[in-house]
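Q: I have a structure open and would like to learn how to read it. Can you take me through it feature by feature?

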Amino acid sequence: MDHHGSRPQQHNAIAARGVLMVGRRFVLHSQLSFNRSGAVAHQNKLLLRQGENDMACGHHCVLMALMLLGVISRDALYEDDPDERLLETCAIGQARYFSGCSTTQLKEQLAPFSDQVRCRHLQQDVATRTIEALESDQVCLVRFSSDSYTHWVLAVGVMYADDKPHSLLVLDPLMDSVPLTPWNALLEHWGTKKLRNTNARWSEKATLEKVVQVGLRSRRGTAIQLP
């Protein structure tokens, strides 16, 4: 279950901003861009924020994944007569709104769109296969735990340092957008025991729990490099 406990103290952690540095390169989903509001997909703001007193991070990540893949639009979330598949997805997610989502329940939320979207729970070689998925223009829902909470985020890209994967670029529904940046947090030191969740407010030690890979059935593309 997802639980938002007490927040770590704020300190001068590295903010998740798109600064190009020597020896660094950034690979992002091909449909992801940014403006002054932060991450944008299909000309709409992508980040969905959860509330302070819920455990709906997984559901928010499911909806962001569907938006980024172009399966639903942001406007569809607010229509008076939404698509029946979206209604089913939201009904499943809302049933877990205050108790959190397991991997199985995330897959159940994606199931109404199974004709367009393929998802799988990565259980072997998780760190490597996550990078491969992101390089193949797919997204990954990643669950990690820290001393204060367990949390789902949406991985949308990879940061390489000296040509080696260093961090996942993620959209965290608990955090604000970062202007002119298509992500708002990092999972640093990916694939090592030094994993850290880092955003503009704090940095904390994290432990990888689960990864769910999501992509379009009709397309296996290649992620792009941030110019």
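Q: How many helices and strands are in the chain?
A: The chain has four helices and 14 strands. Keep in mind that this is a predicted model.

Q: What share of the residues is buried?
A: Of the 227 residues in the chain, 53% are buried. Buried here means under 20% relative accessible area.

Q: What part of the contacts joins residues 24 or more positions apart?
A: Take the contacts in the chain with a separation of 6 or more. Residues 24 or more positions apart account for 67% of them.

Q: How do the axes of α2 and α3 cross?
A: Helix α2 covers residues 84-95, and helix α3 covers residues 103-110. Their axes come within 8 Å and cross at roughly 160°. An angle over 145 degrees counts as roughly antiparallel. So α2 and α3 are roughly antiparallel to each other.

Q: Which residues make that contact?
A: From α2 come Thr89, Ile92 and Gly93. From α3 come Gln105, Glu108 and Gln109. By class, this contact of α2 with α3 has one nonpolar, four polar and one charged residues.

Q: On to empty space. What does rolling a probe over the atoms show?
A: A probe the size of a water molecule, rolled over the atoms, shows where empty space is left. In this structure the largest pocket holds about 250 Å³ of space. It is lined by 15 residues. The closest to its centre are Leu48, His60, Leu63, Leu77 and Tyr78.

Q: Which helices supply at least two residues of the lining of the largest pocket?
A: Helices α1 (57-68) and α2 each do. α1 gives the most to this lining, with three residues. By class, the lining of the largest pocket divides into seven nonpolar, four polar and four charged residues.

Q: How many cavities of 30 Å³ or more are there?
A: The count comes to one. A pocket is open, whereas a cavity is a space where the probe fits but cannot get out. The largest cavity has a volume of about 30 Å³.

Q: Which residues line the largest cavity?
A: The lining is made up of Leu69, Ser136, Asp137, Gln138, Gly215, Leu216, Arg219, Arg220 and Gly221. It divides into two nonpolar, four polar and three charged residues.

Q: Is Asp137 buried or exposed?
A: Asp137 has a relative accessible area of 4%, so it is buried.

Q: What is the phi of Leu180?
A: Leu180 has a positive phi of about 60°, although it is not a glycine. Leu180 lies in the loop between β9 (164-171) and β10 (185-188). Its relative accessible area is 47%, so Leu180 is partly exposed.

Q: Where is Asn184, and is it buried or exposed?
A: Asn184 is in the loop between β9 and β10. Its relative accessible area is 2%, so Asn184 is buried. Asn184 and Leu174 are 10 residues apart in sequence. In space they are 9.8 Å apart, C-alpha to C-alpha.

Q: Now for sequence against space. How far apart are Glu204 and Ser146 in each?
A: They are 58 residues apart in sequence. In space the C-alpha to C-alpha distance is 7.1 Å. Glu204 belongs to strand β12 (residues 203-205). At 8% relative accessibility, Glu204 counts as buried.

Q: Which residues does Val126 touch, leaving out those up to four places away in sequence?
A: Val126 touches Leu208 and Val211. Val126 is in helix α4. Its relative accessibility is 19%, and the limit for buried is under 20%. Val126 therefore counts as buried. Val126 and Val212 are 86 residues apart in sequence and 9.7 Å apart in space, C-alpha to C-alpha.

How values were computed: Residues are numbered from 1 along each chain as its sequence is written. This is a predicted model: local features need pLDDT of at least 70, side-chain atom pairs count only at pLDDT 80 or more; totals for chains, interfaces and linings use all residues. Side-chain values use heavy atoms; hydrogens and water are left out. Axes are lines fitted to C-alpha atoms, for helices over the stretch in contact, and angles run from 0 to 180 degrees between N-to-C directions. Angles under 35 degrees count as roughly parallel, over 145 as roughly antiparallel, 65 to 115 as roughly perpendicular and the rest as oblique. Contact means heavy atoms within 4.5 Å. Ala, Val, Leu, Ile, Met, Phe, Trp, Tyr, Cys and Pro count as nonpolar, Asp, Glu, Lys and Arg as charged, and the others, Gly among them, as polar. On a 1 Å grid over the protein atoms alone, a cavity is a set of points where a 1.4 Å probe fits but cannot get out, and a pocket is an open set with protein on both sides within 12 Å along at least five of seven lines; lining residues have an atom within 4 Å of a point. Grid points are joined across faces, edges and corners, and a volume is the space filled by probe spheres set on the points. Buried means under 20% relative accessible area, exposed over 50%, partly exposed in between (1.4 Å probe, protein chains only).
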